[in-house]
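Here is a short briefing to read with the model open beside you.

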Amino acid sequence: MTTRPWSRTRGVPRAGLPARQKGMALLVMLALVVVSVITVLVTSLNRVSIAVERDKKTSEALAIAKEALIGWSAKRGNDTGTARPGDFPCPDRDDDGNAEGSCSTAGGTSIGRLPWKTLGIERLTDGNGEALWYALSNNFRISAAIINSNSRGQLLVYGPDGSTLITESGYDAIAVIFAPGPAAGAQVRNTAAEKNAVVNYLDTANGRNNASTGGPFIAGDKSDTFNDRLVF
């Protein structure tokens, strides 16, 4: 009987296996880390992209609303003199799309939603799907006594610090249009009453409250408690 010689190389693969396993484990861990980083980056980019699209939609809605208000006012006029160029529609106080028949600062009714039906446009919403709000200077409402070249708006708008006026002195705003954004702070928008309350949509910053009738208003910096966007 012939005895087969023992080979020293027979045990080499088994001796090298643990090292290769460690190498594979490190590669797997590295791959998982790379996938995790890519996932975080993609998620962040998606969030940024969504935010950019929302801001774009908000800007477009505000621009369309401003143009519609100016166009509506410029076209006013009839033979009886009851409709005059320079008139602006009252805000929509019950969210039916129509301007109220009358409004006043004293009555607390000079701020409400944009009356899109009255303006003859589609219902405009901001990037978060919220309808636009609208404040009107008391002396440019339909029932105002006189509107001429000497008439001046009465609405003040301040910058983010709450003390720097951004409406030109002596030529204050006739109208301010707001994009309210999502609910912020203690705002609640569940019931019909809550959905029609301006305080649940427009925010306060640095002592200026955008929900106040007649202002003054603020174009504040975005925060956890302030996200209004406005044009005037």
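Let's begin with Arg189, which sits in the loop between β4 and α3 (192-195); helices (H or I, at least four residues) and strands (E, at least two) are DSSP runs, numbered from the N terminus. This is a predicted model, where local features need pLDDT of at least 70, side-chain atom pairs count only at pLDDT 80 or more, and totals for chains, interfaces and linings use all residues. Residues are numbered from 1 along each chain as its sequence is written, and side-chain values use heavy atoms, with hydrogens and water left out.

**Around Arg189**
- Arg189 counts as buried because its relative accessibility is 12% (buried means under 20% relative accessible area, exposed over 50%, partly exposed in between, with a 1.4 Å probe and protein chains only).
- Its side chain makes a polar contact of 3.0 Å with the side chain of Glu130 (a pair of N or O atoms within 3.5 Å; within protein, one must be able to donate a hydrogen and the other to accept it, and residues adjacent in sequence count only if both atoms are side-chain atoms).
- A polar contact of 3.2 Å links the side chains of Arg189 and Gln187.
- Beyond four places in sequence, the contacts of Arg189 (heavy atoms within 4.5 Å) include Pro180, Glu194 and Tyr201.
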